[in-house]
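I've opened my notebook for a first look at this one. Before writing anything down, I want the structure on screen.

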Amino acid sequence: MEKGTTEYTDVCPECSSTSVSRDYERAEIICNSCGLVIDEKIVDGGPEWRAFDQEQRNKRARTGAPMTYTIHDKGLSTVIDWRNKDGYGKDIPARKRAQMYRLRKWQQRIRVSNSSERNLAFALTDLDKVASRLSLPKGTREQAAVVYRKAVEKGLIRGRSIEGVSAAALYAACRMCNIPRTLDEVSIASKLNRKEIGRTYRFIMRELNINLSPTTPVDYVPRFGSELKLSGETQAKAIEIIRVAMDRELTSGRGPTGVAAASIYIASVLLGERRTQREVADVAGVTEVTIRNRYKELAEKLDIDIII
Ligand SMILES: [Zn+2]
């Protein structure tokens with residue numbers, strides 16, 4: 001996707017919802033259903049901004065990272081003297097000089113990598129903290145770490161906070177591992193602004209060339225279902241309802257969490273494990289009104305007769 005294109009203005013690439021709003025003041029397009037910042041005209045990283053940032057980076061590199069978590073090389077990196085003298089002040093022969101030049105180069109590289117290693121250690125600690133608040137399995141945390149590392153390698157952290165990028169990496173990893181969390185959930189767990197996470201996420205996915213198919217309501221059923229302590233049968237019923245609805249194209253343009261919630265609600269009533277619309281709404285992070293609207297549509301078009 002090229003920057004500045006408006007291809008996604010009508011359909012959210014995350015959840016395929018067609019309900020989007022334009023914030024002209026901030027020049028962005030936001031999905032009303034999942035909260036993703038779909039497009040923004042304010043292009044990140046103009047030249048002045050980048051220069052400023054580079055300066056900051058240099059400064060940071062000189063003074064070292066603000067906090068040390070681990071001594072990664074266990075204090076083994078002795079600084080190689082820049083003068084061509086040995087320990088006794090005698091000149092070093094040319095043959096040795098070349099060797100020392102190589103060592104110095106090599107050491108520089110190590111030092112740079114140490115500073116980013118420190119940032120990485122900080123990021124991974126943060127990532128783990130947020131991941132455990134979201135009760136994510138180990139595999140997903142590892143996937144998030146992979147995304148984060150790739151973002152670092154491509155220099156995408158520049159001008160962004162470590163916390164912001166790690167939250168976005170987590171959000172991405174959830175999607176990649178098929179256990180989607182909503183932006184709201186990641187936002188609460190990371191104590192960061194939802195739009196900011198959505199914006200960083202989009203940026204990273206675009207720059208790393210990762211394309212994920214939009215989430216479907218089915219993806220949300222297992223988690224919402226287990227949080228509502230619904231049986232496997234009821235969850236299967238909800239999935240069945242969703243599949244039929246998808247086949248008949250009743251879900252296109254609808255936020256997946258809302259459709260999942262409504263289907264779960266219907267299934268819970270049908271199989272005698274009734275949960276209230278309020279309970280389902282809370283778990284799914286949607287409003288009761290959304291559930292009611294989706295529920296009415298589904299019940300009517302799928303000819304489901306249930307007594308509310
Ligand atoms: Zn969306």
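How many of the 15 residues of H4 are buried? I counted 11, so H4 is largely enclosed by the rest of the structure. A reminder to myself: this is a predicted model.

**Entry 1: helix H4**

I looked up which residues of H4 are the buried ones. They are Val165, Ser166, Ala167, Ala168, Ala169, Leu170, Tyr171, Ala172, Ala173, Cys174 and Arg175. Then I checked the length of H4, which covers residues 162-176. At 1.5 Å a residue the helix should span 21 Å, and its end C-alpha atoms are 21 Å apart, so the two agree. After H4 I ran into Asn178, whose phi is positive, near 60 degrees.

**Entry 2: H4 against H6**

On the H4 side I noted Gly164, Val165, Ala167, Ala168, Tyr171 and Ala172. They meet Glu196, Ile197, Thr200, Tyr201, Ile204 and Met205 of H6. Sorted by class, this contact has nine nonpolar, two polar and one charged residues.

**Entry 3: H8 against H9**

I moved on to H8 and H9, the latter being residues 256-270. Their axes are 8 Å apart, at an angle of about 125 degrees. The two helices are therefore oblique to each other. I also noted the handedness: H8 passes H9 in a right-handed crossing. From H8, the contact uses Thr234, Lys237, Ala238, Ile241, Ile242 and Ala245. From H9, I listed Val259, Ala260, Ser263, Ile264, Ile266, Ala267, Ser268 and Leu270. The class tally here is 10 nonpolar, three polar and one charged.

**Entry 4: positive phi in loops**

Most residues other than glycine have a negative phi. With that in mind I went looking for exceptions.

Ser135 turned up, with a positive phi near 40 degrees. I found Ser135 in the loop between H2 (94-133) and H3 (138-153). Is Ser135 buried or exposed? Ser135 is exposed, because 11 other C-beta atoms lie within 10 Å and 12 or fewer counts as exposed.

Lys229 went on the list too, with a positive phi of about 55 degrees. Lys229 sits in the loop between H7 (221-227) and H8 (232-247). With 9 other C-beta atoms within 10 Å, Lys229 is exposed as well.

Notes:
Residues numbered from 1 in each chain as written. Predicted model: local features only at pLDDT ≥ 70, side-chain atom pairs only at ≥ 80, totals over all residues. Helix = DSSP H or I, 4+ residues; strand = E, 2+ residues; numbered from the N terminus. Expected span 1.5 Å × (residues − 1). Buried ≥ 20, exposed ≤ 12 C-beta atoms within 10 Å, placed from the backbone. Contact = placed C-beta atoms within 7 Å. Nonpolar A, V, L, I, M, F, W, Y, C, P; charged D, E, K, R; others polar. Axes fitted to C-alpha atoms, helices over the stretch in contact; angles between N-to-C directions. Parallel < 35°, antiparallel > 145°, perpendicular 65-115°, else oblique. Left-handed = near helix turned anticlockwise from the far one by under 90°.
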